[in-house]
Amino acid sequence: MVMGQLSTKVEVVVIGGGPGGYTAAIRAAQLGKEVILVERNKLGGTCTNVGCIPSKALIHAADVKYEAESSEAKEMGIETTVRFDFGKTQKWKDKVVEDLRNGIGSLCKLNGVEIIQGEGFFQSSDKLSVETESGMRTIEFDSAIIATGTRVKEIEELKFDHK
């Protein structure tokens, strides 16, 4: 059986589901636009998935351990032996990240934003092809927002000095 390429027409397509992309998609939908958000990996971008949020979750766990062992706790009559299970801490951190990512997805859906998991490629100034697990999908649009984040690139003439 040969499947045809699925084609959709929307007013706004947003490429990138990080903080810039998902907020732009939600706002456009709140303004009455038909919106599709295309994300290659996981909603939330670097901050939610591998940066700020996981780091802060682990820092919070370390703070809780520190407080439990602190002299202030002992002064209050709280004495305990703290056992640290890094595997459980990692699972807890992963759940925090997953819950936030799911919250982003829920906010998008509640505001009428369709999310497509896949990698987008511009075909023209008003057409995008998205490679998904189930095949190619074409999106025709009036406006596009590119919110794919950044990568550090060293300029040959200006080498990093890491200061």
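User: Which residue forms a salt bridge with Glu119?

Analyst: Start with the idea. Side chains of opposite charge can pair when their charged atoms come close. A salt bridge here is a side-chain nitrogen of Lys or Arg within 4 Å of a carboxyl oxygen of Asp or Glu. In this structure, Glu119 pairs with Arg40, and their closest N and O atoms are 3.7 Å apart. The pair links distant parts of the chain, 79 residues apart. Glu119 sits in strand β4 (residues 119–124). Arg40 sits in the loop between β2 (35–39) and α2 (45–49).

User: What kind of model is this, and how are residues numbered?

Analyst: This is a predicted model, where local features need pLDDT of at least 70, side-chain atom pairs count only at pLDDT 80 or more, and totals for chains, interfaces and linings use all residues. Residues are numbered from 1 along each chain as its sequence is written, and side-chain values use heavy atoms, with hydrogens and water left out.

User: Are Glu119 and Arg40 buried, partly exposed or exposed?

Analyst: Read the relative accessible area. Buried means under 20%, exposed over 50%, and partly exposed lies in between (1.4 Å probe, protein chains only). Glu119 is partly exposed because its value is 33%. Arg40 is partly exposed too, at 45%.

User: How many salt bridges are there?

Analyst: The count comes to nine. One of them joins Lys9 to Asp142, with closest N and O atoms 2.7 Å apart. Lys9 lies in strand β1 (residues 6–15), and Asp142 lies in strand β6 (residues 135–146). Lys9 is partly exposed, at 46%. Asp142 counts as exposed, because its relative accessibility is 53%.

User: Which residue does Arg137 pair with?

Analyst: Arg137 forms a salt bridge with Glu114, and the closest N and O atoms are 2.7 Å apart. Arg137 is in strand β6 and Glu114 is in strand β3 (residues 113–117), 23 residues apart. Now check the accessibility. Arg137 is buried, at 14%. Glu114 is partly exposed, at 32%. Some salt bridges also share partners: they join Glu154, Glu156 and Lys159 into one network.

User: Which residues gather in a patch of negative charge?

Analyst: Asp and Glu count as negative, Lys and Arg as positive; His and the chain ends are not counted. Charge patches use residues with over 30% relative accessible area and no salt bridge, and like charges are joined within 9 Å. Here, Asp63, Glu67, Glu72 and Glu75 form a negative patch on the surface. Helices α3 (52–69) and α4 (71–75) each supply at least two of its residues. Take Glu67: this residue belongs to α3. Glu67 is partly exposed, with a relative accessible area of 43%.

User: How many disulfides does a search find?

Analyst: A disulfide is a covalent bond between the sulfur atoms of two cysteines. The test is a pair of cysteine sulfur atoms within 2.5 Å. The search covers the whole structure and finds zero. Two cysteines can still be read for accessibility. Cys47 is partly exposed, at 27%. Cys52 is partly exposed, at 36%.

User: How far apart in space are Ser7 and Tyr22?

Analyst: Compare the step along the chain with the C-alpha separation. Ser7 and Tyr22 are 15 residues apart in sequence and 22 Å apart in space. Ser7 is in strand β1. Ser7 is partly exposed, at 43%.

Methods:
Patches are made of residues with over 30% relative accessible area and no salt bridge: like charges are joined within 9 Å, nonpolar side chains (Val, Leu, Ile, Met, Phe, Trp, Tyr) within 5 Å. Accessible areas come from the Shrake-Rupley method with a 1.4 Å probe; for residues, only the protein chains shown count as cover. The place of a charge is taken as NZ of Lys, CZ of Arg, CG of Asp or CD of Glu. Helices (H or I, at least four residues) and strands (E, at least two) are DSSP runs, numbered from the N terminus.
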